[in-house]
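Welcome! Here are some exercises to work through with the sequence and the 3D view side by side. Try each task before you read its solution.

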Amino acid sequence: MTATIATLITLLIVLLGAGVWVSLGLFSVGIGGLEIFRDMPIDRQLSISIWNTVTSESLIALPLFILMAEIIFRTRLSASLFNGLAPWVANLPGGLMHVNVLGCTMFAAISGSSAATAATVGRITLFELSSRGYDRTLAMGSLAGAGTLGFLIPPSVIMIIYGVLSGTSVLKLFIAGVVPGLLLALSYMGYIAARVVISPSLVPRERPIVSWEERVKSIFGLGPVAFLILLVLGSMYGGLASPTEAAAVGVFGSVVVSAFQRSLTWENVCDAAMSAVRTISMVGLIVAAAVFLTQAMAFLGVPRAVAEQIAALELSAFALVALLLVFYMILGCVLEGMSAIVMTLPITLPLVLAAGYDKIWFGVFLVLVVEMAQITPPVGFNLFVIQTLTGERIGVIARAAFPFFIIMAIFTMLLTLFPEVVMFLPDRVTLGGGE
Amino acid sequence: MRPSPSDYDVGSAMISACLRWIDRLSTGAAAIAAVCLVAMTVLMLGEVVARSVFSRSLTFSWEFSSYLMGAAFFLSAGYGLRTGGQVRVTLLSEAVPPTVSRALDFFSTVVGIVVTLYIAYALCDMTYNSYKRDIVSFTPTETPLIIPQGVLALGAVLFFLQMVARFVRLVRDEPPDVQPGSTDIGTDQ
């Protein structure tokens, strides 16, 4: 069995390291493993597995949320978000820097992806903040950190994928992400405020005087975002729609917003659709490959063997999760977060369940892990997004994001010590019309 | 002064024409994938309206949406590959000298050709089986599965062809990946 595991891991490292596309690399390891160690008709297994995954009904929300994010990216939503939030935070310690966090938090509630959140919010805030004399490093760091909320605060593409791979209710995962997401956003704001109190030179000296009239007026700027949040989250939590239907309603809503803001041109629509298609083929193939690899590993008995070896170490549940956290942090440096999760899940999920943690809790844990991977160099999608926006070097952006990485790591450890924070809502809310 | 076209030039021109055609097919398939995506959205919206306004479910909307999703995943695969949209780990290839990184790209592409060929074969075989045994879906629509499965197989074949085209481009020292929307990917003419 050790030989089997060693072969699979070597194959995986060689193929992915050489630069074989992640989806094809995972397929190769699955096919190769079965070819070497099992005598069975692999092509049948492969085609049925692919067919079942790519036509799985609980996955339908995924392409729809990706399409929605692409449409929103081409609207003026981020500008109106900035104008709507700015008067409310101008007098907090840290001032407009908080728009990064609050903007990402609100945007995360309509977007399923973290890179899309960072790109859409950062497009406006980074320029506005630096032109007003805010510290560039803290602005980039907070955007990188807060952008990752796109995965934790529902809707969430990662949660949909985890739900499909682990057989967990996507709706329950969506509910579980809310409280940790808001707490994490608060931690970021607390950190920004503390930094600014300690070194006031990070923000421009004079504070604007904002009248209540201005604040009330500014609320209208938040209208489009509030409208979309209401459509997507409202329809789900109100029990009217499943996550999939909510995604379709969200696409419709974003088209409406786009029309209102006069950005609904034929060119924009085609661009958004083609861009979405390019992303979904990548994500779809990776998910299909991950499911096939999971099945292949199960045929080979790998998860059980690893579980037995880990059990022999007699780790406490907490030590096991702490070990996994370190493992994923390292993996997240070299791999993109989603790939890191899907290829390890067949092994790690049974381990964590055996240690007594809940499937939903582990989903939230993994989302946080993916978020950390988004901002760790050399491979971190949010770093790439901010690089595109600012033209800074990856190393500079990664250093700016590092405090936020630490906050996430501490936060994840706290959730491990107090799993109730995650489980509080999903345990209490019962919904109809879910998946 | 150009020399008169030798056999080599004619062969090279034919290969270029083939590469262009593969690009056009990939882009066309991706456009169909985009239409599938829009159709899924419309079907799901139809389902929401049907359930909330007329209190009845459109039985076919989930089923057809799932076929459209599969189609969208596979029809866009070749385009995704050509436009550099399929994720890969570039850590090593960026750290090593250009000749080594070129060798790694050759290796990856050859692995890619083998795997995509195997996937295309497996999906074509599944489609052929559905055709031979007249398999229909276990749903009220009784959709002949040869249709949605055939689309998947078609997408997988295009993915394989684009992978072969990538190999040819590497041999000819042409850039294997292009930006999306570039005129090089079959959107010209």
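A charge sits over a ring if NZ of Lys or CZ of Arg is within 6 Å of the ring centre and within 35 degrees of the ring normal. This is a predicted model, where local features need pLDDT of at least 70 and side-chain atom pairs count only at pLDDT 80 or more, while totals for chains, interfaces and linings use all residues. Residues are numbered from 1 along each chain as its sequence is written, chains are lettered from A and ligands numbered from 1 in the order in which they are written, and side-chain values use heavy atoms, with hydrogens and water left out.

**Exercise 1.** Find the ring faces over which Arg215(A) lies.

*Solution.* Start at Trp88(A): Arg215(A) lies over its face, at 5.9 Å from the ring centre. Then turn to Trp212(A), where the charged end of Arg215(A) is 4.5 Å from the centre of the ring.

**Exercise 2.** Classify the pair formed by the rings of Tyr118(B) and Tyr121(B).

*Solution.* Recall the rule: rings of Phe, Tyr and Trp (its six-membered ring) pair if their centres lie within 6.5 Å; planes under 30 degrees apart count as stacked, over 60 as edge-to-face and the rest as tilted. The two centres are 6.4 Å apart and the planes meet at 50°, so this pair is tilted. Next, place the residues: they are three apart in helix α5 (residues 98-132) of chain B, and therefore about one helical turn separates them. Helices here are DSSP runs (H or I, at least four residues), numbered from the N terminus. Finally, check accessibility (buried is under 20% relative accessible area, exposed over 50%, partly exposed in between; 1.4 Å probe, protein chains only). Tyr118(B), at 23%, is partly exposed, and Tyr121(B), at 45%, is partly exposed too.

**Exercise 3.** Name the members of the aromatic cluster that includes Trp361(A).

*Solution.* Look in chain A for Tyr162(A), Tyr357(A), Trp361(A), Phe362(A) and Phe365(A), which form one cluster.

**Exercise 4.** Say which elements of chain B have the lowest and the highest mean pLDDT.

*Solution.* pLDDT is the predictor's confidence in each residue, from 0 to 100. Chain B averages 89, and 93% of its residues score at least 70. Among its elements, α4(B) is lowest with a mean of 83, whereas helix α6 (residues 146-171) of chain B is highest with 97. Where pLDDT is low, the predicted coordinates should not be read in detail.

Notes
Helices (H or I, at least four residues) and strands (E, at least two) are DSSP runs, numbered from the N terminus.
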